[in-house]
Amino acid sequence: MQTLPFYIVDVFASAPYKGNQLAVFLEAEHLSTEQMQQIAQEIGFAESAFLMKNTPHPEGFEARIFTVEYEVPFAGHPTLGTAYVAQQFLLQRPVPHLQLKLKVGSIPVAFTYAQDKPDFLLMRQMAPFFGEPLPQQELASLLGLPLEALHPTHPVLEVSTGLPFLVIPLQRLEDIQKLELQPQKLLAFLQQHGLYKTQRPDGLTVALYFFCPQTYKPEHQINARMLALENGQIIEDAATGSANGCLLAYLLKHRYFQENQLELLVEQGYEINRFATIKLQGQLTEEDQFELLVGGQVQLIAKGEWYVH
């Protein structure tokens, strides 16, 4: 029976058992799309990643990323976690950076090291797309929050750097903590605004990314939560690197902190006891060009052998 080596890592994690879990499978080029989807469903993490070969293309190590529902062209914590595995177990030597060849394109990941082990990884995300603002009153009704819970001047809108999110500015940590969504109501809202997978050329359902400037820890500048409709259920992501690229673009475009250059720490996953820390670095130039860097630490948790059926 064919077997695949795989690794489990925690991403955006300062220590094991924090951040977002990821399974990375090696030597996956002979798997069908259906097999990869089945493996991702069996693992049950937010995403699983598959490295096609043990050697890179000129554009980087080719990888595919799957949620339990479908394949996605890009995702943040799988990019960092897969880059970590490629460096540690394929290259097996310190390198300043490497690239992953994803469906969205080539994504560069930079490394810093401590005692020859990766200490911090930083990815550069694609140029952002911004949608049109959505009615705040509808969203407040969906969330069961008063209208004043949303920021009075900063809009709710879709942002994508390869994976789409509805970026939603709230004002207080108390309202972030209260968030609760009903699957059928969220489905109706998404369909009403053309945000559901069957309505979109990319085939992706837009997830909701909430943030506020109040935090659990004083060294952090933003608290955030990601909620999404997946297989008819509401799921919460522990740490969402792709959404943080969208958040960084949003903060720069709308001058949330009144700056064209930002370096921030975002906390996520606190409400589900995963305690992730995501670093954002970025700038918006006078030519309206975005530089979006999202990074964090990766912890190796396990390795194993997967039987291919």
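Predicted model: local features only at pLDDT ≥ 70, side-chain atom pairs only at ≥ 80, totals over all residues.
Me: How do you know how many residues of domain 1 are in contact with domain 2?
Reply: Contact requires heavy atoms within 4.5 Å, and by that cut-off 25 residues of domain 1 are in contact with 25 residues of domain 2. The size of an interface is often given as the accessible area lost when the parts come together. For domain 1 and domain 2 the buried area is about 2000 Å², with 53% of that area given by carbon and sulfur atoms. Across this interface of domain 1 and domain 2 the rule also finds three salt bridges.

Me: Why is the pair of Lys197 and Glu69 called a salt bridge?
Reply: The closest N and O atoms of Lys197 and Glu69 are 2.4 Å apart, and the rule asks for a side-chain nitrogen of Lys or Arg within 4 Å of a carboxyl oxygen of Asp or Glu; the pair therefore counts as a salt bridge. Side chains of opposite charge can pair when their charged atoms come close.

Me: How many salt bridges does the structure hold, and what makes Arg274 and Asp10 one of them?
Reply: The structure holds 12 salt bridges. The side chains of Arg274 and Asp10 meet at 3.3 Å, N to O, which is set against a limit of 4 Å, so this pair also qualifies. The pair links distant parts of the chain, 264 residues apart, with Arg274 in the loop between strand S15 (261–268) and strand S16 (276–284) and Asp10 in strand S1 (residues 3–11).

Me: Why is the largest pocket said to lie between domain 1 and domain 2?
Reply: Both domain 1 and domain 2 give residues to the lining of the largest pocket, so the pocket lies between them. This pocket has a volume of about 180 Å³ and is lined by 13 residues, with Gly44, Phe45, Ala46, Glu236 and Asp237 nearest its centre. Strand S2 (20–25) and strand S14 (233–237) each supply at least two residues of the lining, and S14 gives the largest share, three residues. By class, the lining of the largest pocket divides into six nonpolar, three polar and four charged residues.

Me: What makes a space a cavity rather than a pocket, and how many cavities of 30 Å³ or more are counted?
Reply: A cavity is a space where a 1.4 Å probe fits but cannot get out, whereas a pocket is open; by this rule the count comes to one cavity of 30 Å³ or more. About 270 Å³ of space lies in the largest cavity, which is lined by 25 residues, with Glu47, Thr67, Leu163, Met226 and Glu230 nearest its centre. The largest share of that lining, four residues, comes from S13, and the classes are 14 nonpolar, seven polar and four charged residues. Domain 1 and domain 2 each give at least three residues to the lining of the largest cavity.

Methods: Residues numbered from 1 in each chain as written. Heavy atoms only, no water. 1 Å grid on protein atoms, 1.4 Å probe; cavity = no way out; pocket = protein on both sides within 12 Å on 5 of 7 lines; lining within 4 Å. Points joined across faces, edges and corners; volume = space filled by probe spheres on them. Nonpolar A, V, L, I, M, F, W, Y, C, P; charged D, E, K, R; others polar. Domains from an automatic or database assignment. Buried area = accessible area lost by both parts, 1.4 Å probe.
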